Amino acid sequence: MAWSSIRVANSPSLLCLPLAPLPSPPPTSSSTSISVPLSRRSSSIRSITRLSKRGSSLVMGASSSSSLDGFNAEEITSLTVLRADSGESVQFRDLWDQNDGVAVVALLRHFGCVCCWELASVLRDVKPRFDSAGVKLIAVGVGTPDKAQVLAEKLPFPLDCLYADPDRKVYNALGLYYGLSRTFFNPASAKVFTRFDSIQKALKNYTISATPDDRSSVLQQGGMFIFKGKQLIYARKDEGTGDHAPLEDILNLCCTAPAV
């Protein structure tokens, strides 16, 4: 199998992916609807496929194989992350209104990841739609606040929406994938080839200096989560590098009024 590297101006080789065709992921199961309160443990939270309304509760459909194993709401919400602008420690649950506020929480791989710069640029560009819908955008990355500031300045990205998790505590609590095979050899990573132009655009001001000093951190994968108050209404774990949640699903859930 032939291999190649995506290269940028000041990076020798940040991401290696196979050029040969990769097998398609296994077919997903049929859609069902479930509601997942944060007050209880769940081991089968999956990606959204459709949105409906039951009273005032948003529900999500289950179809992906990206289950959230070992989900522990109490552990997650009590964890702390660091503000990118000040380095101040803040509890994860204090990042959005715990009554009925809606928050899109994007867990980036790390601040020096080329695919994460692309994801951050996409989220930045749709932030006005989140704002108009009263949705709070929260992006968390692996690394220290000074590394987060590099991304925020160079991309650019709103600093007040950016948080650092240098010890990957939130990632571990959510059971997000980690390891060499997930980072470089997972078939889902081939999706980045369909977005090459988007990635190149996002990397206009890219710098490798945003990469964590702890190089083992680059093996972390991310995910996307949406909360409504204390209820988790969307959860998706990235299967591989660049395997981001479909933006259409996120916008439909957060920024589109459900049919009456």
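Mentor: Let us start with β10, α2 and β11, which make a right-handed β-α-β unit, where right-handed means that, with the strands pointing away from the viewer, the path from the first strand over the helix to the second runs clockwise. This is a predicted model, in which local features need pLDDT of at least 70 and side-chain atom pairs count only at pLDDT 80 or more, while totals for chains, interfaces and linings use all residues. Residues are numbered from 1 along each chain as its sequence is written, and side-chain values use heavy atoms, with hydrogens and water left out.

Trainee: How many helices and strands does the chain have?

Mentor: The chain has 7 helices and 14 strands, where helices (H or I, at least four residues) and strands (E, at least two) are DSSP runs numbered from the N terminus.

Trainee: And how many residues of β10 are buried?

Mentor: In β10, 6 of its 6 residues are buried, and buried means under 20% relative accessible area, with exposed being over 50% and partly exposed in between (1.4 Å probe, protein chains only). V102, V104 and A106 point one way from the strand, whereas A103, V105 and L107 point the other way.

Trainee: Which way do β10 and β11 run, parallel or antiparallel?

Mentor: β10 and β11 run parallel and are joined by 6 bridges, whereas β10 and β13, also joined by 6 bridges, run antiparallel. Two strands count as paired if DSSP finds at least two bridges between them.

Trainee: What stands opposite L107 in β11?

Mentor: In β11, L107 stands opposite V140, and in β13 the bridge partner of L107 is G223.

Trainee: Switching to α2, is K127 buried or exposed?

Mentor: K127, which lies in helix α2 (residues 114–132), is buried, because its relative accessible area is 19%.

Trainee: What is K127 in contact with?

Mentor: Leaving aside its neighbours within four places in sequence, K127 is in contact with L137, P158 and C161, where contact means heavy atoms within 4.5 Å.

Trainee: Now α7, which of its residues are buried?

Mentor: In helix α7 (residues 247–255), the buried residues are I250, L251, L253 and C254. They cover an arc of only 165° around the axis, so they lie on the same side of α7, and the arc is that of the directions from the helix axis to the C-beta atoms.

Trainee: What do those buried residues pack against?

Mentor: The buried residues of α7 pack against β10 (102–107), α2, β11 (135–141), β13 (223–228) and β14 (231–237).
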